[in-house]
Number of protein chains: 4
Amino acid sequence: MNSFGRIFRISIFGESHGESVGIVIDGCPAGLSLAVEDFLPDLERRKGGTQKGTTPRQEEDIPIFKSGIFNNRTTGAPITLLFENKNIRSSDYEKQRDVPRPGHADFVARKKFGGNEDYRGSGHFSGRLTVALVAAGIIAKKLLGHAPTSPQTPSQGGEIKISSSILEIGAEKDLEKGLQKAVDAKDSIGGIIECRVNGLPVGLGEPFFDSAESLLGHIVFAIPAVRGIEFGTGFAAAKMFGSQHNDAIENMQGKTRTNHAGGIVGGLTNGNELVFRIAIKPTSSTPKEQTTLNWETEKVEKVSVKGRHDLCIALRVPVILEAVTAIILADLMLMEQKIKRVLT
Amino acid sequence: MNSFGRIFRISIFGESHGESVGIVIDGCPAGLSLAVEDFLPDLERRKGGTQKGTTPRQEEDIPIFKSGIFNNRTTGAPITLLFENKNIRSSDYEKQRDVPRPGHADFVARKKFGGNEDYRGSGHFSGRLTVALVAAGIIAKKLLGHAPTSPQTPSQGGEIKISSSILEIGAEKDLEKGLQKAVDAKDSIGGIIECRVNGLPVGLGEPFFDSAESLLGHIVFAIPAVRGIEFGTGFAAAKMFGSQHNDAIENMQGKTRTNHAGGIVGGLTNGNELVFRIAIKPTSSTPKEQTTLNWETEKVEKVSVKGRHDLCIALRVPVILEAVTAIILADLMLMEQKIKRVLT
Amino acid sequence: MNSFGRIFRISIFGESHGESVGIVIDGCPAGLSLAVEDFLPDLERRKGGTQKGTTPRQEEDIPIFKSGIFNNRTTGAPITLLFENKNIRSSDYEKQRDVPRPGHADFVARKKFGGNEDYRGSGHFSGRLTVALVAAGIIAKKLLGHAPTSPQTPSQGGEIKISSSILEIGAEKDLEKGLQKAVDAKDSIGGIIECRVNGLPVGLGEPFFDSAESLLGHIVFAIPAVRGIEFGTGFAAAKMFGSQHNDAIENMQGKTRTNHAGGIVGGLTNGNELVFRIAIKPTSSTPKEQTTLNWETEKVEKVSVKGRHDLCIALRVPVILEAVTAIILADLMLMEQKIKRVLT
Amino acid sequence: MNSFGRIFRISIFGESHGESVGIVIDGCPAGLSLAVEDFLPDLERRKGGTQKGTTPRQEEDIPIFKSGIFNNRTTGAPITLLFENKNIRSSDYEKQRDVPRPGHADFVARKKFGGNEDYRGSGHFSGRLTVALVAAGIIAKKLLGHAPTSPQTPSQGGEIKISSSILEIGAEKDLEKGLQKAVDAKDSIGGIIECRVNGLPVGLGEPFFDSAESLLGHIVFAIPAVRGIEFGTGFAAAKMFGSQHNDAIENMQGKTRTNHAGGIVGGLTNGNELVFRIAIKPTSSTPKEQTTLNWETEKVEKVSVKGRHDLCIALRVPVILEAVTAIILADLMLMEQKIKRVLT
């Protein structure tokens, strides 16, 4: 349940206000060079506190290598990365114990786990765990760098390159304006993120249930606040004619004239740019006063959500989306034997 | 890869123009009554050939019980259901071998499997396999009928009820008109399908990777032609403020005033109606002439896709969407021990 | 539960007196040539009825290809093989419904499945299902033939070769004598089977839980009647000193002077001959009268087990043991990327 | 590969001379009380250094709770337990880098992982990791204490009780004498361990591949130094007649007059005492001088294995065997819904 992947397999753990969050990565090929410095740029991109609209909670986010790395290389044994939680103000949450915050997992988690859940800052349901996803994603990205560049990858001369960006915030393509809407409204706001991958070979993905879209869809919905995913033309495809939507194949590497398919046909990558988008809901912890049920009194009451939060969680999602995408692709590349189990 | 599920686990097999398609269902509780008649209504809903816009290919679609059923009850051993392919005209496809049809898996499958794939009528990538999904879905639906109705299920007095419908065809909410657009244009067309489930308990879904959305997202993209999925307000959530989007909890069963979340919070069902939509692309096999690459000559040429096809594959998807939804929910209910392993 | 394997993954189904038994094989590389004739020699070895001490039940045991094979080659899609049950005399068993046969699963299956189990001839618990294992094993053996021969495989010049034989029957190394003991005593009898594999590369097996012994141990106990497994010196190792037991490495291919380890060290193959033995209990269906409990009267009574049975089931096990061994090794070779996913 | 289990699922990591070893336990029901003190007795039993014949290496072995435990109860989220390695003398091993120790994984690991493996003290292949198994086993044992006692469990009035003991050392049933043989010979020595479980319900285990023996066999061979496993009469069964071996059922709870089956029939527990034995080879690190190959010179040379080792590793195995047995049984009890997912 907290694990995912077939060969490159991750197991995530931890809570927002517990001692730590972390991840175990099994099946990573031996011989991949890894140093703390490799992790810092992406971890920095994920961090809140430096942009308008992100949480003032500041964690150092230095990965602690607990296993699987020796002499700065992966050993082939499971890699464990730990992130300590230091900058914690749990008292904010303990007061709110009986007032489940709207939009959060508080209520459902209490029902599911019979009140045993760590409720502080959403506990295991917190976005805090995405730091571990980003870390695993960095390893996956490095692995993808070991894939052979080949004529099979028409889109960009070979090297696999993943990049995500914010398409809009609060219906605004001008992100600054979108964010200002939220600031002005003293409210949180949602956004749309796009991910593009170039340099993929033809044929990643497994019929029937492990299609490339299935695996990406699966892992993307593990990111908190994701409400939808679409590939290529996505929902717009539902309004199109077949003759408009179909992409004409133009050469033996599979290059198509258009890319409505977003790089996946029949569940398999087709060698064109992989393109998909996800919808991020507005941060549940809005500064606005809301109503909810008090678990003890069983009465509806007003609640102002305390704690330190992002006004627009979408701002932090691009690097997380790249990470989970890299994780899926690394696993599929291993399945296709396009990354070796010992790197040299 | 061709299997899915943790306890209620399905393994699919078969090809469009092979001898048969079928499914093995492992982990189904013993004691569920099952007769061929149980399968007919949903199989009939899935069938083409009776509606404008669906394929004239007609299969009988009578499930053959090969294992796991004895004296009209499930035994607890794996259930195997087989559907024979009788109404086959493979010659249509053999001529097209070297002309990969745009929008189909022909090209990528040939690359991935080195030319060994069964290319007739998309082979293992065919929508024909969804007959097996529908069959497994019928068993899953029957299982869900054995879940206890409880005060925890506020939405509809208990009984779990899944229903899917077409929201629009070709951007038209009037389905008849949408379909007529395609007929007039002599082209295929896409559509949007919605699924709603009532009567679910609070707490289905497993953090972190087996959230309810993750599992539904995973299986939904196994259905051919799906290009996107969104839960509750979905992509529209990205344009909303948090105070608009959050659903206020109103009673101890978790009922919320609004249902923007679509019945899932923190990856867990929250006891409200589960609501999600999927986008279906226009059938790849459009009657319109298109261009593609000839595998042998390596030149682009014109192609008219022969064979018997649906003008609007979306017409046949609702029952398939119900089926895969039921499959996921049955597995999650077993995980939560809300369905017993021996039914009485 | 009824599936096993990571890449080369099998799902078994069927009952002794149901319509059929069969197996779905997922993850088999594309391009492997396969014809019915490939299956006949091993299926013949498994069959009862031709040797003294085996059952007079005669099935044709011709595999029916239901999916995954096209133009006599594997396609990369799941392979389904079916064996029909024709030579059935279920009436033998129906009379015995309330008298669980000692040593058989009758009693425990009835408890576990609440009386819904197919009880005829042990149903899903029958040795009849091993026909499907043998069939999957044949495919696995053919796959192993596609592994590169290499200097890494010191033991036999490269080619992987699996062979099993009976070491003793009823404590007798002279098998004929051992069997005669049973005939004379009008009783069933057990035996010991050994499996040897040559030509394996160094390094098959995955730490921690997927050691070569773990995977072999797992699958071997799926064969009915197996009561123990030991590798190399096995139980005798418990009586030895370390200096006696350790095998001295003699060359860079890992060849050792002795082979007490049986070809596995640290859970990984070491390039020497893989050697292990399993213990087979006497057939539970002995001709001797026994006592058991009557489920209806709840009283102990005498029972004579009717039906057609093997006096010494061990006689039929060697080919089954080879099959499951091949299945595990094929999966491990795929994990190590020593067999390609498309064969040429 | 480093994970095991279906619902109660463990992922192990770490190296002998790395920073730590640990385990992530997913799927543990919420509400189980857990304190450091619960772990100490079994961890103490596993520890070397206090008995004749065990290693002088002394680790504190206090589990550090990293996730999944809150207010002394399991939360339902993954539990992470860490054991720090403090008492390390890696220099012993670094000198031996090019001299693979006979009987150890040194040679095969270097081949498999291309020289990237952590070779210090066997790295990830070390018996040190069993501390994490014991810790997970303690949680599993506590879970089993939450199973209902029932008339279905004839063997001991209900409560599930697991106990392992050493049957013999160096072919001696007098353990003291067996150990003295090794001390006198200045050599290491093997032994046989038995495990007995009382209070199990009828029906644990899943056909076909997840039989109770298959799962136990799988996990038992993950314990370093295990060379064989047998259930009930085990290898002796191969020498018996069926009428001798079969256990006559005597009452409706499944109690049998004899217990040659060792409590498992048809892969399912039958309500009688579960009995099985494993063979432990002599510690590979014998004080005796041996010959091996030098990786650099490619010549055979003499080697004296330095480091701190157990003369008889079997002495430390009973508590590990109990642990892995408890892990399997907890998972099977959850599969059978005999342990709830939220404990109260």
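Predicted model: local features only at pLDDT ≥ 70, side-chain atom pairs only at ≥ 80, totals over all residues.
Glu168(C) forms a salt bridge with Lys239(D), and the closest N and O atoms of this pair lie 2.6 Å apart.

**Chain D and chain C**

Across the interface of chain D and chain C the rule finds eight salt bridges, and there are also 58 residue pairs in polar contact, counted where both residues have pLDDT of 80 or more. On the side of chain D that touches chain C, the residues divide into 50 nonpolar, 37 polar and 20 charged. The contact draws 107 residues from chain D and 107 residues from chain C. Between these two chains an area of about 8300 Å² is buried, and carbon and sulfur atoms give 65% of that area. The residues of chain D that lose the most area to chain C are Phe208(D), Phe209(D) and Arg227(D), which together make up 11% of what that side buries.

How is chain D superposed on chain C? A rotation of 180 degrees, with 0.0 Å of shift along its axis, superposes chain D on chain C with an RMSD of 0.0 Å, and that is the relation of a two-fold axis. Because 100% of the interface residues of chain D are also interface residues in chain C, the copies meet through the same surface.

**Chain B and chain C**

Chain B can likewise be laid on chain C, by a turn of 180 degrees and a shift of 0.0 Å along the axis, with an RMSD of 0.0 Å. In chain B the C-alpha nearest the axis belongs to Ser11(B) and lies 3.9 Å from it. Here too the same surface serves both copies, as 100% of the contact residues of chain B recur in chain C.

In this interface 43 residues of chain B are in contact with 44 residues of chain C. Lys66(B), Phe70(B) and Asn116(B) are the residues of chain B that lose the most area to chain C, together 21% of what that side buries. The rule finds two salt bridges across the interface of chain B and chain C, and Glu19(B) forms a salt bridge with Lys66(C) in which the closest N and O atoms are 2.8 Å apart. Among the elements of chain B, S2(B) gives the most to the side that touches chain C, with five residues, and the residues of that side divide into 16 nonpolar, 16 polar and 11 charged.

| Interface | Buried area | Share on carbon and sulfur atoms |
|---|---|---|
| Chain D and chain C | about 8300 Å² | 65% |
| Chain B and chain C | about 3200 Å² | 56% |

**A sheet in chain B**

Five strands of chain B form an open sheet in the order S1-S2-S3-S7-S4, with antiparallel pairing. Its edge strands are strand S1 (3-4) and strand S4 (64-67) of chain B, each of which pairs on one side only. S1(B) is joined by two bridges to strand S2 (residues 9-14) of chain B, and the two run antiparallel. The bridge partner of Phe4(B) in S2(B) is Ile10(B).

Note on methods. Residues numbered from 1 in each chain as written. Chains lettered and ligands numbered in written order. Heavy atoms only, no water. Least-squares fit on C-alpha atoms with pLDDT ≥ 70 in both. Contact = heavy atoms within 4.5 Å. Buried area = accessible area lost by both parts, 1.4 Å probe. Salt bridge = Lys/Arg side-chain N within 4 Å of Asp/Glu carboxyl O. Polar contact = N/O pair within 3.5 Å; in protein donor to acceptor, adjacent residues only side chain to side chain. Nonpolar A, V, L, I, M, F, W, Y, C, P; charged D, E, K, R; others polar. Pairing = 2+ DSSP bridges. Helix = DSSP H or I, 4+ residues; strand = E, 2+ residues; numbered from the N terminus.
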